[in-house]
Amino acid sequence: MGRKMSAEIFKRAVKVIPGGVNSPVRALKAVGGKPIFIKRARGSKIYDVDGGMYIDYIGSWGPMILGHANPEVTSALKKAVENGTSYGAPTLLEVLLAEDVLEAFPSMDMVRFVNSGTEATMSAIRLARAYTGRDRIIKFEGCYHGHADSLLVKAGSGAATFGVPDSPGVPADIAKNTYTAVYNDLGSIKRILEKDPEGVACVIVEGVAGNMGVVKPKAGFLEGLRALTSQYKAILIMDEVMSGFRLCYGGAQKIYNITPDMTCLGKIIGGGLPVGAFGGRREIMEMLSPSGPVYQAGTLSGNPLAMTAGIITLKELKKKGVYERLTTLTDTLCMGISEIAKRRGIDCQVAVAGSMFTVFFNASPVKNYGDAKRSDLERFSAYFRMMTKNGIFIPPSQFEAVFVSLAHTKADMEKTLDAVDRSFKGLRG
Ligand code: KE4
């Protein structure tokens, strides 16, 4: 369908906003498309400005686990907004959400709210550097932790050598403090720590990777990471911005029984409003201003509307059977996709973790970013275009996760599988 209105708004947008969007992935460049401008969303559906309706599997990149415009969240926000939108002074709401987060993540004694996942990981790294008195950090290729300078870094000539900037504007002097290891490869971490035994402040890892597409930690990987970071006295930061409250009410660390020193959260804990959070052991967190010397601040941190949306969202997620329902819906969909792929002769891997998954157009299982990059991106783009044409809104990149919500229904699954069948048939030409 011609998206005339989207095209018109896009023409205006590019004049005033770089690339016409406020976050690059929305430009649909990776799939050779043009941005689709949205008018509204409700439940599992999203509606574009041209009257198009889609079953939505982006879910704002994770936050909308209850579905869009959830009645409980909406009515609580309507009441909250009558009390004002921001005070720049503390409220009980922040304490309530903090208590809920700490109850769900017993590895954390304390938590600080910020406004995005980027702020959460950036601040956690600063705190880890202050606590250890060390400068270097280790991240994994293919894991994304937001756009702070020290995280927009790729491996230098080898994983165990200094990092180099992965974006213009990141000073080499900053990038050189970031090592990049290979996800699911403990040897790559070991080599770095053996080479720099007293220089690494922290290792940051996605509990379940979602930013190279969904890649789960293989047996023993997170346990090995925990053992190595303890051995070398480096802080283990688990980035659960995506996986926290997504995989279960307690994130990847609960599923894999890992106790990180610090955890980063975001997305779901804001219920669609801007919230990030970082937390950890008391002796680390109390180094944070004003209780300690490490500075971190934010005008809108702990915003009462965002706290309200987060509190209600977690309250809904605590209800009995919620994660079983999410898993059943997701497994039904993913098994259906695998069955259609077999029948249609399409080589793909369906990687599932809780209510997030990725269809890799790849003949072999994807265990790390190197594997993911060998996927057929052309085929993915064609798949994206056909799914959109059939009224299904999926992430516009092979290296992203698809999100299922509590608002998705069996009928949505049937419609989605029908669209997958048409798309796979189209891929066979
Ligand atoms: P934000 O700054 O975008 O709130 O969070 C950064 C971040 C940190 N850690 C993890 C594990 C994340 O997945 C993210 C952000 N995720 C992307 C989706 N892959 C956000 C979408 C976008 O950039 O528009």
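Two remarks on the source. In this predicted model, local features need pLDDT of at least 70 and side-chain atom pairs count only at pLDDT 80 or more, while totals for chains, interfaces and linings use all residues. Residues are numbered from 1 along each chain as its sequence is written, and side-chain values use heavy atoms, with hydrogens and water left out.

I start with the ligand. There are 16 residues around the ligand, and those that come nearest are Ser23, Thr118, Asn211, Asp239 and Glu400. A residue counts as near a molecule or strand if one of its heavy atoms lies within 4 Å of it. By class, the shell holds five nonpolar, seven polar and four charged residues.

Asp239 has a polar side-chain atom 2.7 Å from a nitrogen atom of the ligand, and Glu400 has one 2.7 Å from a nitrogen atom of the ligand. On its own the ligand has 550 Å² of accessible area, and the protein covers 85% of that. Accessible areas come from the Shrake-Rupley method with a 1.4 Å probe; for residues, only the protein chains shown count as cover.

The shell around the ligand takes at least three residues from each of two domains, domain 1 (4–69 + 320–428) and domain 2 (71–317). The domain bounds come from an automatic or database domain assignment.

Next, the core. The largest nonpolar core has 38 residues, and the members that touch the most others are Ile138, Phe140, Tyr183, Ile189, Val205, Leu225 and Met356. A nonpolar core here is a set of buried Ala, Val, Leu, Ile, Met, Phe, Trp, Tyr and Cys residues joined through side-chain atoms within 4.5 Å. Buried means under 20% relative accessible area, exposed means over 50%, and partly exposed is in between, with a 1.4 Å probe and protein chains only. Among the elements that give two or more residues to this core are strand 5 (136–140), helix 6 (186–195), strand 9 (200–206) and strand 14 (356–360). Helices (H or I, at least four residues) and strands (E, at least two) are DSSP runs, numbered from the N terminus. Helix 7 gives the largest share, four residues. Why does this core lie between domain 1 and domain 2? Because both domains give residues to it.

Now the backbone exceptions. Most residues other than glycine have a negative phi, and most peptide bonds are trans. Ser289 and Pro290 are joined by a cis peptide bond, with omega about 5°. Pro290 sits in the loop between helix 9 (282–285) and helix 10 (304–317).

Ala69 is not a glycine, yet its phi is positive, about 50°. This residue is in the loop between strand 3 (53–56) and helix 2 (71–81). Ala69 is partly exposed, at 28% relative accessible area. Phe245 also has a positive phi, near 65°, in a residue other than glycine. Phe245 lies in the loop between strand 10 and helix 8 (251–255). Is Phe245 buried or exposed? Phe245 counts as buried, at 0% relative accessibility.

Ala277 is buried, at 1% relative accessibility.

Thr416 is in helix 14 (residues 410–427) and is buried, at 3% relative accessibility. Its side chain makes a polar contact of 2.6 Å with the side chain of Tyr57. A polar contact is a pair of N or O atoms within 3.5 Å; within protein, one must be able to donate a hydrogen and the other to accept it, and residues adjacent in sequence count only if both atoms are side-chain atoms.

Val350 is in strand 13 and counts as partly exposed, at 21% relative accessibility. Val350 and Phe360 are 10 residues apart along the chain, and their C-alpha atoms are separated by 6.3 Å.

Met335, in helix 11 (residues 322–344), is exposed, with a relative accessible area of 58%. Met335 and Val352 are 17 residues apart in sequence and 10.0 Å apart in space, C-alpha to C-alpha.

How values were computed: Nonpolar A, V, L, I, M, F, W, Y, C, P; charged D, E, K, R; others polar.
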